[in-house]
Amino acid sequence: MTKELEIEFKNMLTKDEYSKLLAELNITPTSQTNHYFDTADFQLRDQKAALRLRTVGSLFECTLKTPAVSGNYETTDALGQHQATAMLGLDGFDAPEVSAELERLGVSPSDLVLIGSLTTHRAESEYEGGLLVLDHSEYLGTEDYELEYEVTDEADGKRKFIAFLKEKQIPIRPADKKIARFMKTVGKR
């Protein structure tokens, strides 16, 4: 289990901007799938929290994101394939640290439902003391592209992120979190 503070800056990209940055940074994406959970009445969303089970090849982790003053707290349990399969089948929730945090939020793991899945083709590169992340996401017949910059210092990270966008001549475009974009698409169906 890990619990850490996540501070990141996001910007939506066009497909061309994404492709150009991939080539410039000389990085190759790997694929991962996020399976999103909430209660039928969206108790997590209403508390600005998000729960996902992420699969990357044969690795599985369950992460609960909860709001912090600056960024989000992430509580994560590494899972085995059996645990992940049970979660996806709504046949058990064996993620002890995440379960404890869910209970703290007043959400019972037994009330969770699978909302849907989103696949991301992710490429990462170290940049100025942080991590640049290029994401191409596919979900519910939709594709989008975004740039993230993960840092440990909010003020310094914001300055470096804005400078990077300016240097690459990429306009500032607001970017909701993936689960928020996913949920908006679910709501349009």
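Is arginine 122 buried or exposed? I looked this up in the model, which is a predicted one. Arginine 122 is buried, with a relative accessible area of 10%.

**Entry 1: the partner of arginine 122**

I next looked for the side chain that pairs with arginine 122. Aspartate 135 meets the side chain of arginine 122 in a salt bridge, at 2.7 Å from N to O.

**Entry 2: other salt bridges**

I searched the whole structure and found 22 salt bridges. One of them joins glutamate 24 and lysine 168, with the closest N and O atoms 2.8 Å apart. This pair links distant parts of the chain, 144 residues apart: glutamate 24 is in helix α1 (residues 15-25), and lysine 168 is in the loop between α5 (154-167) and α6. I checked the accessibility of both partners. Glutamate 24 is partly exposed at 40% relative accessible area, and lysine 168 is partly exposed at 23%.

I also recorded the salt bridge between glutamate 74 and lysine 65, where the closest N and O atoms are 3.4 Å apart. Both glutamate 74 and lysine 65 are buried.

**Entry 3: the largest pocket**

I then turned to the pockets. The largest pocket has a volume of about 470 Å³. Its lining consists of 29 residues, and Glu6, Arg52, Lys65, Glu74 and Glu150 lie nearest its centre. I classified the lining as 14 charged, 10 nonpolar and five polar residues. Strand β1 gives the most to this lining, with six residues. Among the other elements that each supply at least two residues are β6 (112-127), β7 (130-139) and α6 (178-187).

**Entry 4: the second largest pocket**

For the second largest pocket I noted a volume of about 270 Å³. It is lined by 13 residues, with Lys48, Ala49, Ala50, Ile179 and Ala180 nearest its centre. The elements giving two or more residues to this lining are β2 and α6, and α6 gives the most, with three. The lining divides into seven nonpolar, five charged and one polar residue.

**Entry 5: helix α4**

Which residues of helix α4 are buried? In α4 (residues 96-104), I found Val98, Ser99, Glu101 and Leu102 to be buried. They lie on the same side of α4, because they cover an arc of only 165° around the axis. Pro96 and Arg104, on the other side of α4, are exposed. Following α4, I noted glycine 106, with a positive phi near 80°.

How values were computed: Residues numbered from 1 in each chain as written. Predicted model: local features only at pLDDT ≥ 70, side-chain atom pairs only at ≥ 80, totals over all residues. Heavy atoms only, no water. Buried < 20%, exposed > 50% of the residue type's maximum accessible area, 1.4 Å probe, protein only. Helix = DSSP H or I, 4+ residues; strand = E, 2+ residues; numbered from the N terminus. Arc of directions from axis to C-beta. 1 Å grid on protein atoms, 1.4 Å probe; cavity = no way out; pocket = protein on both sides within 12 Å on 5 of 7 lines; lining within 4 Å. Points joined across faces, edges and corners; volume = space filled by probe spheres on them. Nonpolar A, V, L, I, M, F, W, Y, C, P; charged D, E, K, R; others polar. Salt bridge = Lys/Arg side-chain N within 4 Å of Asp/Glu carboxyl O.
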